[in-house]
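Thanks for coming, everyone. Have a look at the next slide, and then I'll walk you through the helices.

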Amino acid sequence: MSRDVERGMTASSVGAPALPSRRPDGRIRSAVGEARGALALVAASLIVAALLAASLLVGVYDISSGEFGAEMFWITRVPRTVALLLAGAAMATCGLVMQMLTQNRFVDATTSGTTEWAALGLLATAILAPQLGLVGRMVVSSAFAFVGAMAFMLILRRIVIRSTLVVPLIGIMLGAVVSALTTFLAAQFNLLQMVSTWFLGSFTQVVRGRYEVLWVVAVVTLLVFLMADRITVAGLGKDIATSVGVRYEWTLVAATALVAIASGVTTVVVGFLPFLGLVVPNVVSMIRGDNVRGNLPWVCLGGVALVTVGDLIGRTVRIPFEVPVSLVLGIVGAVVFITILLRQRRG
């Protein structure tokens, strides 16, 4: 008995200090992980900054020796680079928002039909109120995009979804119908060339005086950061969101409005940027997991990097001509989309 007691006392005395000793180890590992994440984020930011610097230096006009080099730099290069930064971050973030709200990795502004609705609103302004300025077109286009996004959400709530592929198929079909209507109306009013320009997203026409409204999407991106937790909870469903005190309907409408504003403004200034909101959030989640708040900075950087690389390729592959960035994004998006499908099938 005495030996058993001694063994028990020895085990307890040896084991007692071991409990608190594990806590510092866990804290150290957590601190090391956070430090590595911060360093990786800084490195990624530097890479994106280098890409943006390259965007400032690449172009047909030689700004270093040309007579109006400095003037052309501030009129064209700087606005174009800022537009790449704002549009890339906003559209990638909006893709993440759509995926959180629908709990589906295959949804973004392109596969939900939102951008097609924005183009329809832009065509409506050209037909009914051609005198409207850039801001007026932006408002109307955003309103149409909001209607389209809400229609998509309402359709999803009224059908039984048996496969994750049903959700993007619904959005693609809805977008195809709206796109057909837009093309028909454009043909009736002799505006097909204008519509084709919108469908080919390009930063060619972004100059000083035409891009400033894009700063609106910077506000949208900031609001998404502030609403990240509420959007995440709302994506889990109305019952769960209500049980934890989140106003589900208000969050759904607010998040959809943010997506609509970003889509409308980007469509007016740049045009379509296909699959940007699909590719970047999925790649980030594959690498880092599904921590939404932690992924948001990476999604922004990834969106800026992807659209900048696509624009640089478009500017250099056929100098002095330019290939629309939407063509590059469409190719990359199709490859990533197929890859995700294959990974899901294997899983």
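At what angle do the axes of α2 and helix α12 cross, and how close do they come? They come within 7 Å and cross at roughly 135 degrees. Axes here are lines fitted to C-alpha atoms, for helices over the stretch in contact, and angles run from 0 to 180 degrees between N-to-C directions.

A word on the ground rules. This is a predicted model, where local features need pLDDT of at least 70 and side-chain atom pairs count only at pLDDT 80 or more, while totals for chains, interfaces and linings use all residues. Residues are numbered from 1 along each chain as its sequence is written, and side-chain values use heavy atoms, with hydrogens and water left out.

Now the overall layout. The protein has 13 helices and zero strands. Helices (H or I, at least four residues) and strands (E, at least two) are DSSP runs, numbered from the N terminus. Of the 347 residues, 43% are buried. Buried means under 20% relative accessible area, exposed means over 50%, and partly exposed is in between, with a 1.4 Å probe and protein chains only. Take contacts between residues at least 6 apart in sequence: 76% of them join residues at least 24 apart. Contact means heavy atoms within 4.5 Å.

Back to α2 and α12. Their angle makes them oblique to each other. For the cut-offs, angles under 35 degrees count as roughly parallel, over 145 as roughly antiparallel, 65 to 115 as roughly perpendicular, and the rest as oblique. The crossing of α2 and α12 is right-handed. A crossing is right-handed if the near helix is turned clockwise from the far one by less than a right angle, and left-handed if anticlockwise. On the α2 side, the contact includes Arg80, Leu84, Leu85 and Gly88. On the α12 side, it includes Val292, Leu296, Asp311 and Arg315. By class, the contact of α2 with α12 holds twelve nonpolar, four polar and three charged residues. Nonpolar covers Ala, Val, Leu, Ile, Met, Phe, Trp, Tyr, Cys and Pro; charged covers Asp, Glu, Lys and Arg; the others, Gly among them, are polar.

Stay on α2 for a moment. Thr81 sits in this helix. Is Thr81 buried or exposed? Buried, because its relative accessibility is 8%. Leaving out residues up to four places away in sequence, Thr81 touches Leu52, Ser55 and Leu56. Leu51 is in helix α1, residues 2-57. Beyond its neighbours within four places, Leu51 is in contact with Ala305, Thr308, Val309 and Leu312.

Next, α4. It runs over residues 134-158. Its 25 residues should span 36 Å at 1.5 Å a residue, and its end C-alpha atoms are 36 Å apart, so the two agree. The expected span is 1.5 Å times one less than the number of residues. Buried residues of α4 include Gly136, Met138, Phe152 and Leu156.

The axes of α3 and α4 are 7 Å apart and pack at about 140 degrees. That angle is why the pair counts as oblique. The crossing is right-handed. Residues of α3 such as Thr114, Trp117 and Leu120 meet α4 residues including Arg137, Val140 and Phe144. This contact of α3 with α4 has ten nonpolar, five polar and one charged residues.

α10 has 22 residues and reaches 32 Å from first C-alpha to last, close to the 32 Å expected. It is mostly covered, with 17 of its 22 residues buried. Just after α10, Gly271 takes a positive phi of about 115 degrees.

Last, two loops. Gln103 lies between α2 and α3. Its phi is near 55 degrees, a positive value in a residue other than glycine. Gln103 is partly exposed, because its relative accessibility is 48%. Asn190 is in the loop between α5 and α6. Its phi is near 60 degrees, again positive in a residue other than glycine. Asn190 is exposed, at a relative accessible area of 71%.
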